[in-house]
Amino acid sequence: SKLVASPLAIDFNMNEEQLLGYAVTFDGNKTYEVVGSQIGDWITDPKILKFTHSAKRYGHFFEIDGIEFDTELAAYLINAGSRSLSLGEICEKYLGRGIGEGGDLFSEFDSQSILAIWDLVPVLKRELQERGMNDLYINLENPILNLLAKMERTGIAVDRKALEDEASHFKSIVAAETKEAHSAAGKEFNVNSPKQLQAILFDDLGLPKTKKNKTGYTTDAESLQWLYEKSKHPLLQNLLRIRETSKLLSVIEGLVAAVAKDGRIHTEFQQTIAATGRLSSTNPNLQNIPVRTEEGRRLRSHFIPQKPFTKLMTADYSQIELRIMAHLSNDKELIEAFKSGEDLHSTMASLVVGITPSEVDPELRRRIKAMSYGLAYGLSAFGLAAQLDISTSEANELMQKYLERFGGIQDYLKTVVAVAKKKGYTETMFGRRRYLPDLNQDNKVRREIAERAALNAPMQGTAADIIKFAMLNFETLAKRAGIKSRLLLQVHDELIFEISPGEEDDLENIVREAMGSAAKLAIPLDVNIGIGASWAEAAH
């Protein structure tokens, strides 16, 4: 009978993946503790409303429904970018009291933690209301919490044997390249030791000096690449190949270690880390599977559907940040460039330089593309010069021409920083705030970092919001249509689905509708879709 009188606050006690017990309170006064690994069906009853802290981490292991309010998630929204989101720290900040020894994940909890959750709810609800983020919490962040936990529990299937074969292959490459490196250097040395590398490169071989650091001269991949371009010494080729291959090997070993008994990898989506609202992936990081090299892409071919599912589908937004920039800046030229249906970057390049799109060569297109994305991320002329390998004056001239042509973008970029300085925060289209106290900082370096963040946050944050709305739309439409195909992963602007037999066309229609209707912009959202027998094959 008490369960009907919801909401209730609940906190769990876990040891790794094993539930040891839980505690509840119905009124914020009396607590009830239950020992054991069993919970009744009420935990998945959406009508029984629950107050939680860090519910998604528990939802990774078992289903919870009816989450009315999560204190960790609310505290994150109120101050995105804060690293202090443990129950104890939130309690200290908003209630001015500690919670004893308990109240943290995978540790003994006490009655203090469950009462803290209960007491925090009205305080954090009021904060969200005052900051205009109540709707964002109710309509987006709270519902996505459950969906992410469901995706984590589902996981994605991999061919473990193929991954293990890849690991052996890359180990043999590292061994062969190491042998060649020793031969090129004329002696054996530890290729992973910066100190020994410095001695070989700069003392023994007398190669040009790289940037100075605390221990001598830098030997990171970028420095080795620079040295190779300067000297063409074969040792540097070996070292670069070892670095590249070791990086891939480390990714593969992380994937193999993460394969569960069901043959699937169950990554964890971090919802409360990035200040912009973007999701990140850990244990292992599936957003970090290399895609730029052929070897990196090959890893994606080992992510596969698992019976009874037959194929994978990938769907992503085309040029989402630039569409958002066109919408927020209301720049007529950029909007027209999108609507023309021509290649966007060639069209923009032709406008900047005053030639026809057909006269734009690949190098100019590359420069304008880098400029467009750079501006969306707060890139300076210095940064653009480094990226394009041109002089700073050349980059500055290109930037000036670009901004003169697209005056709406220039006005928007100036306004967004000025408004953020005045208010102390930036906002996405959906009201997600990012507070940037350093905008009015005397220290120039800290101020400029905050200014770049102020330029970037509304665009990157709006893109993060849009993909989350798309995911929720998909769940609603898929449920309504009664399809069995399911959403497995989110990799920034891309979603990966597992296709049930005979549902290819239905799934594609649902995904296009879900993603296309996630936001109303000045230019329609454009969705690319690919289908294949693996993640690599489904790329488009």
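Predicted model: local features only at pLDDT ≥ 70, side-chain atom pairs only at ≥ 80, totals over all residues.

Residues are numbered from 1 along each chain as its sequence is written, and side-chain values use heavy atoms, with hydrogens and water left out.

Helices (H or I, at least four residues) and strands (E, at least two) are taken as DSSP runs and numbered from the N terminus, and two strands pair if DSSP finds at least two bridges between them. On these terms, five strands make up an open sheet of mixed pairing, in the order 3-2-1-4-5. Strand 3 (31-35) and strand 5 (67-70) are at its edges with a single partner strand each, so one side of each has no neighbour in the sheet. For angles, axes are lines fitted to C-alpha atoms, for helices over the stretch in contact, and the values run from 0 to 180 degrees between N-to-C directions. Neighbouring strands of this sheet are turned by 30 degrees against each other on average, if direction is ignored.

Strand 4 (residues 50-52) runs parallel to strand 5 and is joined to strand 5 by three bridges, and within this region Phe51 stands opposite Phe69 in strand 5. Helix 2 (residues 71-78) lies across strand 4 and strand 5, at about 50 degrees to strand 5. Helix 4 (residues 111-130) packs on the sheet and touches strand 1 (8-15), strand 2 (18-25), strand 3, strand 4 and strand 5, with a direction that makes about 130 degrees with that of strand 1.

Side chains of opposite charge can pair when their charged atoms come close. Here a salt bridge is a side-chain nitrogen of Lys or Arg within 4 Å of a carboxyl oxygen of Asp or Glu, and by this rule the count comes to 32 salt bridges. One of them joins Asp119 and Arg97, whose closest N and O atoms are 2.9 Å apart. This pair links distant parts of the chain, since Asp119 belongs to helix 4 and Arg97 to the loop between helix 3 (87-95) and helix 4, 22 residues apart. How accessible are such residues, if buried means under 20% relative accessible area, exposed over 50%, and partly exposed in between (1.4 Å probe, protein chains only)? Asp119 is partly exposed, with a relative accessible area of 28%, and Arg97 is partly exposed, with a relative accessible area of 28%.

Lys150 and Glu475 form a salt bridge at 2.8 Å, N to O, which links helix 5 (residues 134-154), where Lys150 lies, to helix 18 (residues 444-481), where Glu475 lies, across 325 residues. Lys150 is partly exposed at 39% relative accessibility, and Glu475 is partly exposed at 22%. In a further salt bridge, the closest N and O atoms of Glu451 and Lys421 are 2.9 Å apart. Because Glu451 lies in helix 18 and Lys421 in helix 17 (residues 407-423), this pair ties together parts that are 30 residues apart in sequence.

Which residues of helix 16 are buried? They are Ala395, Leu398, Met399, Tyr402 and Leu403, and they cover an arc of only 125 degrees around the axis, which puts them on the same side of helix 16; the arc is that of the directions from the helix axis to the C-beta atoms. An α-helix has 3.6 residues a turn, so residues three or four places apart point the same way. Ser393 and Glu404 are exposed on the other side of helix 16, whereas the cover over its buried residues includes helix 11 (320-329), helix 13 (344-353), helix 14 (362-376), helix 15 (381-388) and helix 17.

Five bridges join strand 15 to strand 16 (residues 494-499), which run antiparallel, and Leu489 stands opposite Ile496 in strand 16.

Key: Contact = heavy atoms within 4.5 Å.
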